[in-house]
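Student: Before we discuss this model, please show me the sequence and the structure.

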Amino acid sequence: MAGPQDANGFKDTDIGPIPVEWEVMRLGAVFKIQQGKSLSRKYQQGISPYPFLRTANVRWGRIDLSKVDEMDFTNAEVEKYALRPRDLLVCEGGEIGRTAIWQLDTGTYCYQNHLHRLRPTREDILPLFYMYWMQAAFLLLNTYHGVGVKTTIANLSRSRLSRFLLPKPPPPEQRRIAHVLSTIQRAIAAQGDVIAAAKETKRSLMHRLFTYGPGPEPAPTRETEIGEIPEHWEVVPLGDLIEIASGQVDPRVLPYRKMVHIGPADIEEGTGRVLSPKTAEELGLKSGKYQFTPDDVVYSKIRPYLRKAMLPDFTGICSADMYPLRPKGRMSDRRYLYYLLLSEIFTQQAVPHQQRTGIPKINRNQLRSVYVPLPGNGREQSEIADMLDSIERKIGAEQQRKAALQALFQSMLQQLMTGQLRISRVGAGLKPAPTSQPAPTDRGTDAQHTG
């Protein structure tokens, strides 16, 4: 499994070049593999119920316990299938190979047969390291390409899993690598909490602004058909305040072929953030689209409960499942329209309109009939938009920080799992790799690179 050593301290193996100090071993030689209990209605009678994990509970690098089902397990089955801290769970079906580690040491949890449990049989095997190895192998390195067995669905059999080749760095290096990667992952999780808190602040602020106005003190209010609003505001059908684009363009001809195309899937729900748009030419689009400009707000008519709207700063085209809306009349600030479309006041009215057949959506007439609160003057519209813009910028900045951490994790995962980056001790900084090896993303002062 190992070939000759090169001048940089690497050797060729069946899983690619690795440091000469590392070994290559088969998974079945260092882990005991146990598939879970088959799911059946006869085991869900509530006789001896225990929570059990499905593939949906096993994400890359984490266990999701937001929804956990129960199934009957006998005492012997509990002994066989109960999870222990440091057990690895590998998906047999679905996204095969997806791996996470079980860390809870309280309560009894079991697992079903579409999951493999890996339990190390040797003290020099660190499960956390191999959780990260599986992630790198499947998502970055393509080490186990084509491992799925094609039956009715792709699956990863126990025998095939047991034949997987694994790198085996010395145990101290396994611990150092796992420490670095888990530290970055904790930072990503913490950043996610910051973003969630900022989004909740935005939601609360929107409720306050549309109920009491933008003033430092709450304005006197009155009850209306859409709830409590400042008493000097009006309730107006949205159709009186907007124009909805009509007339489609051909995305196969210039200039539309070169324009960015926005579809519902390209907008993050509730935030308006554009994800990964492409041009009409890149997507090979043929059917008619709507054109929008920086004077418009683009709103997705599909599944209005997802609250997908965009405030474009460029001219482009959008799916026929979206409406370019242009403010008119007393709607003086398109940003106010944008935030209205994301608000609970709007969504609570839009959702009941959605058609019950096929994909839920709201049509033009229904959209026009939604009632919205209208401030007494344009200045208040702009003040509300300014305040919400401020928190949107904060959310955007925090999302960029999270994206940077995720990019760092991907880079470090690949470099550490291939030995391109060697860490001399836990807490050591990183220094540039020699020119014969790819340079790391982060740079510091006390690490050892091969080469």
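**Confidence and helices**

Student: Over which residues does pLDDT stay under 50?

Tutor: Residues 430–451 stay under 50 in pLDDT, the predictor's confidence in each residue, from 0 to 100. For them the model has 61 contacts (heavy atoms within 4.5 Å) beyond four places in sequence. The protein chain has a mean pLDDT of 89, with 89% of its residues at 70 or more.

This is a predicted model, where local features need pLDDT of at least 70, side-chain atom pairs count only at pLDDT 80 or more, and totals for chains, interfaces and linings use all residues. Residues are numbered from 1 along each chain as its sequence is written, and side-chain values use heavy atoms, leaving out hydrogens and water.

Student: Why is H7 called oblique to H8?

Tutor: The axes of helix H7 (residues 334–342) and helix H8 (residues 344–353) come within 5 Å and cross at roughly 55°. Angles under 35 degrees count as roughly parallel, over 145 as roughly antiparallel, 65 to 115 as roughly perpendicular and the rest as oblique, so H7 is oblique to H8. Leu 340, Leu 341 and Leu 342 of H7 meet Glu 344, Phe 346 and Thr 347 of H8 in this contact.

Student: What makes H7 largely enclosed by the rest of the structure?

Tutor: Buried means under 20% relative accessible area (1.4 Å probe, protein chains only). Nine of the nine residues of H7 are buried, so H7 is largely enclosed; among them are Arg 334, Arg 335 and Tyr 336.

Methods:
Axes are lines fitted to C-alpha atoms, for helices over the stretch in contact, and angles run from 0 to 180 degrees between N-to-C directions. Helices (H or I, at least four residues) and strands (E, at least two) are DSSP runs, numbered from the N terminus. Buried means under 20% relative accessible area, exposed over 50%, partly exposed in between (1.4 Å probe, protein chains only).
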